[in-house]
Amino acid sequence: MSDTSIDAVRNLLLLRYETLETKSDILKAPELKQLFAKIPTLAPGDRGEFGKAINALSQELKQKVATDTVTVDDRTPIDVSASMDVNALIPSLLSSEQGTIHPLSQEITNLSAIFSRMGFAIEESREIDDQYHMFESVNFPKDHPARDDYDTFMTVETDDNGDPLIAPAHTSTMQNRMLRKYKSNLENNEAISVVIPDRVFRNEDLDARHEHTFYQVEGMYVAKDVHAGMLIATLQEFLQEYYGQQLEVRVNPFYFPFTEPSFEFMLSCPFCNGEDENCKVCSGEGWIELLGCGMIHPNVLKMADVDPTIYTGFAFGCGVDRLVMMKHAIEDVRHFHSAKLDFLRQF
Ligand code: DAH
């Protein structure tokens with residue numbers, strides 16, 4: 001019975017969705033609330049499956065709203081999916097005065113400068129890495145289901161264990177290396193504090209919010225007596241500096257294998273501060289999910305021979321493209337690698 005009632009609500013809501021002026025209203029549909037309210041009335045054995053199906057529906061709707069409501073604010077829309085004219089004449093080369101630095105490069109310089117002023121060292125990641133750094137060193141045991149979230153590209157070359165080398169799907173691959181590189185700081189009673197902005201890769205279905213190649217900035221801070229309050233204050237400070245205004249933050253519990261506890265970090269919308277229910281950036285929610293973070297898992301420290309009974313630390317990983325899209329109200333992540341001059345010349 002569970003599936004049929006969810007299917008019926010789904011059909012109803014999808015129809016209603018088409019008629020709504022404010023698309024995000026669909027997420028407040030009473031029928032959705034009623035489905036959630038039904039869970040406790042079911043036999044305990046049926047609740048899990050029913051709950052999963054409702055979550056899948058609610059995710060589907062959120063995704064739809066997000067895709068349909070993010071539109072350009074002050075950048076000119078361009079059709080990124082239009083194919084290039086392969087027979088076009090070779091353009092005469094632009095003179096260097098006409099060129100500009102790519103918006104992602106500009107912003108990576110900008111955010112690195114902020115972190116640097118906050119006392120973080122800046123390091124680079126790699127574009128080919130091994131599975132030990134991608135998974136084992138950050139506490140994903142072999143066959144752990146969370147590995148599925150990081151599907152990426154493989155090369156035909158293999159590492160010493162015979163596993164294919166991969167294009168890293170996150171910058172957390174650098175955690176173990178950074179702990180080892182800066183371990184002497186701890187011995188000298190100084191913190192390890194480093195950020196790593198660099199390129200990552202995922203096997204994604206491409207759309208306005210998903211690219212196969214994008215940027216993350218990873219951050220780590222390890223010392224004695226580090227606590228979650230320091231993590232939150234650091235991120236809030238960074239984001240306020242980056243967006244040039246006071247912002248509120250909210251943390252929700254989350255799961256990552258490499259942090260315990262783990263959090264999802266939400267930011268009050270820098271565009272509308274929650275005051276515009278038609279806001280294109282936050283869809284009127286007032287909050288934006290921005291990054292993952294948490295307290296570094298003791299196993300991650302142990303794997304780099306750092307004693308977790310003496311030292312603790314926090315880590316975070318943030319999508320740079322997302323930060324920049326929010327800063328400039330860019331509606332489609334594919335612009336960044338589209339090589340279209342009408343987009344690039346706006347920066
Ligand atoms: N590596 C995570 C990802 O790409 C992001 C992340 C989350 C990094 C939490 C962290 C962290 O360092 O603590 O999904």
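**Basis of the entries**

I note that this is a predicted model, in which local features need pLDDT of at least 70 and side-chain atom pairs count only at pLDDT 80 or more, while totals for chains, interfaces and linings use all residues. Residues are numbered from 1 along each chain as its sequence is written.

**Ligand shell**

I listed the residues surrounding the ligand: His-170, Ser-172, Glu-218, Phe-256, Phe-258, Thr-259, Gly-292, Cys-293, Gly-294, Ala-315, Phe-316 and Gly-317. A residue is near a molecule if its C-beta atom, placed from the backbone, lies within 6 Å of it. The elements that give two or more residues to this shell are β8 (287-296) and β9 (312-319). For such elements, helices (H or I, at least four residues) and strands (E, at least two) are DSSP runs, numbered from the N terminus.

**Sheet**

I then traced the open sheet of seven strands, whose order is β1-β4-β5-β9-β8-β7-β6, with mixed pairing. Two strands pair if DSSP finds at least two bridges between them. β1 (121-122) and β6 (249-256) stand at the edges with a single partner strand each, so one side of each has no neighbour in the sheet.

I checked the pairings that involve β4. Strands β4 (residues 192-201) and β5 (residues 213-223) are antiparallel and share 10 bridges. In β5, Glu-218 is the bridge partner of Ile-196, and Val-222 is that of Ile-192. Glu-218 is also listed in the ligand shell. β1 runs parallel to β4, to which two bridges join it; Ile-122 stands opposite Val-195 in β4.

Which strands do the packed helices touch? Helix α8 (residues 228-243) touches β5, β6, β7 (259-268), β8 and β9, and its direction makes about 35° with that of β9. Helix α10 (residues 320-328) touches β4, β5, β8 and β9, at about 60° to the direction of β9. Contact here requires C-beta atoms, placed from the backbone, within 7 Å; axes are lines fitted to C-alpha atoms, for helices over the stretch in contact, and angles run from 0 to 180 degrees between N-to-C directions.

**Nonpolar core**

I looked up the largest nonpolar core, which has 53 residues; Ile-192, Val-194, Val-222, Cys-293 and Phe-316 touch the most other members. Such a core is a set of buried Ala, Val, Leu, Ile, Met, Phe, Trp, Tyr and Cys residues joined through C-beta atoms within 7 Å. Its largest share, six residues, comes from β4. Eight of the 10 residues of β4 are buried, where buried means 20 or more other C-beta atoms within 10 Å of the residue's own, exposed 12 or fewer, and partly exposed in between, with C-beta atoms placed from the backbone. Not counting residues up to four places away in sequence, Val-222 touches Leu-179, Leu-186, Ala-191, Ile-192, Ile-296, Val-306, Tyr-311 and Gly-313.

**Ile-114**

I located Ile-114 in helix α4 (residues 103-117). Why is Ile-114 partly exposed? Ile-114 is partly exposed because 16 other C-beta atoms lie within 10 Å. Neighbours within four places aside, its contacts are Phe-238, Glu-241 and Tyr-242. Phe-238 is 124 residues away in sequence, yet the C-alpha to C-alpha distance is 6.9 Å.

**Asp-46**

Asp-46 lies in helix α3 (residues 44-69) and counts as exposed, with 12 C-beta neighbours inside 10 Å. I found Asp-46 and Glu-60 to be 14 residues apart in sequence and 22 Å apart in space, C-alpha to C-alpha.

**Backbone exceptions**

- The bond joining Glu-260 and Pro-261 is cis, with omega about -5°, and Pro-261 belongs to strand β7.
- Asp-225, in the loop between β5 and α8, has a positive phi near 60°; Asp-225 is exposed, with 8 other C-beta atoms within 10 Å.
- Ala-329, in the loop between α10 and α11 (341-344), has a positive phi of about 50°; Ala-329 is partly exposed, with 15 other C-beta atoms within 10 Å.

Terms used. Two residues are in contact if their C-beta atoms, placed from the backbone, lie within 7 Å.
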